[in-house]
Amino acid sequence: DHVLGRPSRRFRKVQVISVILFWSMYLLRGNPHGPPLLFIRSVSRFSTKRLTSFQTVTLTLLYLYLARNFAKILNLESPEPLANLYSRSYFRATWVMTALDAGFWTAMRIRTGWLRDICSVVFSLYYLVAAERADEKVRRVRATITVDHLRVSWNKSQTPYLKALTALVNPASNRFGPRHIRISRPKESIYTAPVDAWLYFEGTREELKRCTKMILSFPGGGFVAMSSRHYDDMLLAWARKCPGIPIVAVDYKRAPEFPYPYALNECYDVYHSIAHTKGKCVGFSGETLPRIALSGDSAGGNYAAGVTLMILNSTSTSSTGHLMEEGWRGLPLPDGLVLVYPSLDLNIGSWMNDDQMKLIRQRDMRKTNRNVVKRKSEDFEHASGTVRPHKSDEDGDGESDSEPAVMNGSFKSNGNMVGKTANVATMANGKPQPLSTRLAVTSRLSYFNDRLLTPEMMRAMVILYIGPHNRPDFTTDFFLSPIVAPEDLLARFPKTYFLTGERDPLVDDTVIFAGRIRQAKKAVWRHRRDLGLEPGRSRPGEGVEVSLIPSISHGFLQMSALYPEARREINKCARWLNEILADRPCDDSGDGEPSPVGADASGAGGWRNHKRSFTGESMTSNDEDRPLEMSIVSNGSARGSRGRGVPSGRRGRRLGSNASLGSEVDLVGRRMQGLAGGLTAGLEDEDD
């Protein structure tokens, strides 16, 4: 295989079968003491008189076990990096999750459903013991991961046996279980198919009608997998901790069948319908406009932030809160957001720029971001073997909000930055000054060996979510990557709570986005203060709170059965949601209509037109206003499928341009086909 340069599974299988058949035939027909080579027969006859068959087998297995763990016995093995990266309880949870992934991926080829479920559990039990084999299996699968692998991995909690085990470990004491509902699209929408959702509420229908608050939740799943029912444990806990507040979890359509921006439009339509009908579409009385809090984790956090930005982008309200025209009414803003380890930047980069580092090193957030900054500063020390003392947050290092600490090979000379080419500085006592660097890598690269969210998985999710026909501009499309939203929208962002682990590959998304919101609000506060519009007791940058949990990574809210500390964080989110909905009185006007938070972007009165444009979008055709619904055909090409009630001439709106860009397009296309060709391999078989 190595000589040919292309390892072949089929050839390897032939090798294994040949070896098994050869030795099986020899055991049946050959000499019982082996071939006449060296002293094999003499040793066999000698040992037969002293060892039984059981002893022989046991000694053989014991020798193999000793050979595998020889390096551990002599302390020659390299340390396990994740054991030091994570806390003990979180590491145990990831060990179980890795074994489950390996077991379910091993059994996913079995076609019979009940047999596949049983084998998945059996294989997972084996991988719990053979942890190294599980790591190897998971690493190999993720190297060539497909959408089927992602869905098998993330949807496994709803298989019968794991679901029963989870209910046994964490029984829910709710009076009412999840209730399936369907929410109609608003009349301004170009879609007709209703949106599926699940209602979590500890009360009867009559009690639901009297509710004036609600939580709208967008579950995660990497844009391609999972549903609201995979979050039953968390959502049922919220229903208990938030009495009298129903929770509506949206079951939006997943990629790659429905790529960007279809799911985002669904989430927005649900919010639009709830606001337009004053909650009647989900069982409220419809007499008053309910207060709404948005929540989302991972990909759901992207949708929650995206829906908020769509509402803000559709209004004509200035950043100081004044309407530009009287009489216009737009969608009301949600009362607040709870974003849990959100994915806010789909432009996967490696290096952080100076502006991002300034946001992380803000004075008022040093205590919260202390460990994040320390981790980035330690990268060079680990690589160079040098250690320099770190200043504490309370030390006056003369650093301003606008200029980060110089932790790199640069220094100031006559007000200009001059690059160092060598470590030329020495301390007064003659000792060499430790090297340092200003080059900080993003958390995606710092934690690339994360057990739950690897670079291969993030690459696959982004490609599948964007789809084959979109070419977005990651630096401007803030509906795709909310982290690049303009400051005038962020300044009007509602109260937002962030929760994530410090060792999450997406932790930088949280810290930078929170810093940008705080920075935008602070700029507006200074402007209003100069105009005498701000009371003296107000503080700049209010309305943003970030909670970073040390020594854990992604997806911990779904590990409550394996990670007991997750219960505390679920309760914290419930407390935040209660606080958001208790902040201010219900925002109703005298005539019962929604408060005029914004204006119609199209210039017409009433509710704004649902036909919206996205940043970086080609506006050459008015017919291309329906996001693409894609299905995979057997030859690998994508075909657009028309939604119900949409004329045949109106195809999905595609971001970017499909015009010919020259000869290099074919090269780019071939390269992208090589990257994305294997992701949807399983779907082709389903279509066949």
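**Legends: backbone geometry in close-up**

Of the 688 residues in the chain, 46% are buried. The model is predicted.

**Figure 1. The whole chain, for orientation.** The chain holds 23 helices and 12 strands. Counting contacts between residues at least 6 apart in sequence, 78% join residues at least 24 apart. The accessible surface is about 35300 Å², and carbon and sulfur atoms account for 55% of that area.

**Figure 2. Cis peptide bond from Ala255 to Pro256.** Omega of this bond is near 5 degrees. Pro256 sits in the loop that runs between strand 4 (247-250) and helix 13 (262-277). Most peptide bonds are trans.

**Figure 3. Cis peptide bond between Tyr260 and Pro261.** Here omega is about 5 degrees. Pro261 belongs to the loop between strand 4 and helix 13, where Pro256 is also found.

**Figure 4. Positive phi at Phe223.** Phe223 is not a glycine, yet its phi is positive, at about 70 degrees. The residue lies in the loop between strand 3 (213-218) and helix 12 (232-241). Phe223 has a relative accessible area of 4% and therefore counts as buried, the cut-off being under 20%.

**Figure 5. Positive phi at Ser298.** Ser298, a residue other than glycine, has a positive phi near 55 degrees. Its place is the loop between strand 5 (291-297) and helix 14 (299-314). Ser298 is buried because its relative accessibility is 11%, with the limit set at under 20%. Most residues other than glycine have a negative phi.

Notes:
Residues numbered from 1 in each chain as written. Predicted model: local features only at pLDDT ≥ 70, side-chain atom pairs only at ≥ 80, totals over all residues. Heavy atoms only, no water. Helix = DSSP H or I, 4+ residues; strand = E, 2+ residues; numbered from the N terminus. Buried < 20%, exposed > 50% of the residue type's maximum accessible area, 1.4 Å probe, protein only. Contact = heavy atoms within 4.5 Å. Areas by Shrake-Rupley, 256 points an atom, 1.4 Å probe, with all protein chains shown as cover.
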